[in-house]
Amino acid sequence: MSIPSCLSTAARSRSLIHSLSSPALGLLCCRLLGPKSASRNMSSRRQMDHLERTASNSRQNAVYPAEVCGIINESETVKRLRLAAHPDFTFKAGQWVDFFIPGVETVGGFSMCSSPGLLQREGVIELAVKYTKHPPAHWVHTMCTVGSRVAMRVGGDFFFDPSPSDPSVDLLLVAGGVGINPLYSILLHTADLLRLSRASGGRGHNVGSAHLCYSAKNTQELLFKSSIIEACREFPDKFSCDFHVTQQSADVDPHLQPFINRGRITEEGLRAHVDPQRTLCYLCGPPPMIEAISKTLTDFGLPKDRILFEKWW
């Protein structure tokens, strides 16, 4: 199933800038951009969950309107939104957005699952949202349609944004469940950097390798698996991946079989991809998984400042 194409750049710019004057989004953006901090002044405690948990994280000041221009069922429980972004909207691979929905009090928090390069090329970002009864996720699954307008503010200190002069690192990306989102963004960004380096004859970023360990209940819940495998095949000397399924009952598709491991991510599977001098590890998933794997990596000698994590609740 393909995602519908979005507005042209010119049409997108006119439409999104005009949306700031719509009653709902205009009032929302004005309030958020005003002198009072939304995270300090919102009265509903239910509204504070994402904002409170991320209160110490860096955030951009600006809140930008966006319009949903594509929706796809990524799995039985996850919808992927494609959003036409404001021309001034920017983010780094791995970051998230505060997600403001007109008529919904609670502020959502969703990681980008697309690369900054896609934003530069097409003016869109993508979010993959798992179904829950939490109001923003519930809205995405039950009320959001193509044409729905929202507002977004970028935040987060969990990102991969190397400069061309940085020494190369070998990435170890460890994901649990929907925690794949920011790591998939990082993987896509790394692929974009490799393509740019190849096109420039090796000039530009000095990109190392990337290995992804990704655990989910079953293969249906392994998001983006086909695209991840394609990236590994495009850059076989740079990318590799191990998928883990913990509650798989059906037979595994033959094309996935070489990448599938039954059971949780193991110490042995991680050890082969840890070099204390070169490895930079990004972890995202449930807090217990993050804590256990962080301890394993430090036991392997990986310095704590080379273990970056984001806990999703």
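1. Among contacts between residues at least 6 apart in sequence, 74% join residues at least 24 apart. Please keep in mind while reading that this is a predicted model. Its secondary structure comes to 10 helices and 12 strands. Of the 313 residues, 53% count as buried, and the accessible surface is about 14,900 Å², with 52% of that area belonging to carbon and sulfur atoms.

2. Next, the largest pocket, which holds about 1,100 Å³ of space. Its lining is made by 41 residues, and those nearest its centre are Gly 176, Gly 177, Val 178, Gly 179 and Pro 286. Several elements give two or more residues each to this lining: the helices are H4 (49-53), H7, H9 (267-271) and H10 (287-299), and the strands are E4, E5 (124-130), E8 (210-216) and E11 (279-285). The points on H7, E4, H10 and E11 below can be read with that list in mind.

3. Helix H7 deserves a look of its own. The helix covers residues 180-199, and its end C-alpha atoms are 28 Å apart, which agrees with the 28 Å that 20 residues should span at 1.5 Å a residue. After the helix comes Gly 201, with a positive phi near 75°.

4. Asn 181 has a relative accessible area of 4%, so it is buried, the cut-off being under 20%. Leaving out residues up to four places away in sequence, Asn 181 touches Ser 111, Met 112, Cys 113, Ala 128, Leu 223 and Phe 224.

5. That brings us to Phe 224, one of the residues touched by Asn 181. Phe 224 sits in the loop between E8 and helix H8 (225-234). Most residues other than glycine have a negative phi. Phe 224 is not a glycine, yet its phi is positive, about 65°. With a relative accessibility of 4%, Phe 224 counts as buried.

6. Helix H10 has 13 residues and reaches 18 Å from its first C-alpha to its last, close to the 18 Å expected at 1.5 Å a residue. Which residues of H10 are buried? They are Pro 287, Met 289, Ile 290, Ile 293, Ser 294, Thr 296 and Leu 297. A helix has 3.6 residues a turn, so residues three or four places apart point the same way. The buried residues of H10 pack against strands E7 (170-176), E11 and E12 (307-311), and against helix H9. Just after H10, Gly 301 takes a positive phi of about 100°.

7. Strand E11 is one of the partners of H10, and Cys 284 is found in E11. Is Cys 284 buried or exposed? At 0% relative accessibility, Cys 284 counts as buried. Cys 284 and Leu 183 are 101 residues apart in sequence, but their C-alpha atoms are 7.4 Å apart in space.

8. Gly 108 belongs to strand E4 (residues 108-111) and is buried, at 1% relative accessibility. Beyond its neighbours within four places in sequence, Gly 108 is in contact with His 50, Val 97, Asp 98, Phe 99 and Pro 136. Asp 49 is 59 residues away from Gly 108 along the chain, with 8.8 Å between the two C-alpha atoms.

9. His 141 lies in helix H6 (residues 135-142). Its relative accessible area is 17%; buried means under 20%, so His 141 counts as buried. A polar atom of the His 141 side chain lies 3.2 Å from the backbone nitrogen of Tyr 131. Apart from residues up to four places away in sequence, His 141 touches Thr 77, Val 78, Lys 79, Val 129, Lys 130 and Tyr 131.

10. Last, a loop glycine. Gly 156 lies between strand E6 (149-155) and E7, and is buried with a relative accessible area of 2%. Gly 156 and Gly 94 are 62 residues apart in sequence and 8.0 Å apart in space, C-alpha to C-alpha.

Technical notes: Residues are numbered from 1 along each chain as its sequence is written. This is a predicted model: local features need pLDDT of at least 70, side-chain atom pairs count only at pLDDT 80 or more; totals for chains, interfaces and linings use all residues. Side-chain values use heavy atoms; hydrogens and water are left out. Helices (H or I, at least four residues) and strands (E, at least two) are DSSP runs, numbered from the N terminus. Buried means under 20% relative accessible area, exposed over 50%, partly exposed in between (1.4 Å probe, protein chains only). Contact means heavy atoms within 4.5 Å. Accessible areas come from the Shrake-Rupley method with a 1.4 Å probe; for residues, only the protein chains shown count as cover. The expected span of a helix is 1.5 Å times one less than its number of residues. A polar contact is a pair of N or O atoms within 3.5 Å; within protein, one must be able to donate a hydrogen and the other to accept it, and residues adjacent in sequence count only if both atoms are side-chain atoms. On a 1 Å grid over the protein atoms alone, a cavity is a set of points where a 1.4 Å probe fits but cannot get out, and a pocket is an open set with protein on both sides within 12 Å along at least five of seven lines; lining residues have an atom within 4 Å of a point. Grid points are joined across faces, edges and corners, and a volume is the space filled by probe spheres set on the points.
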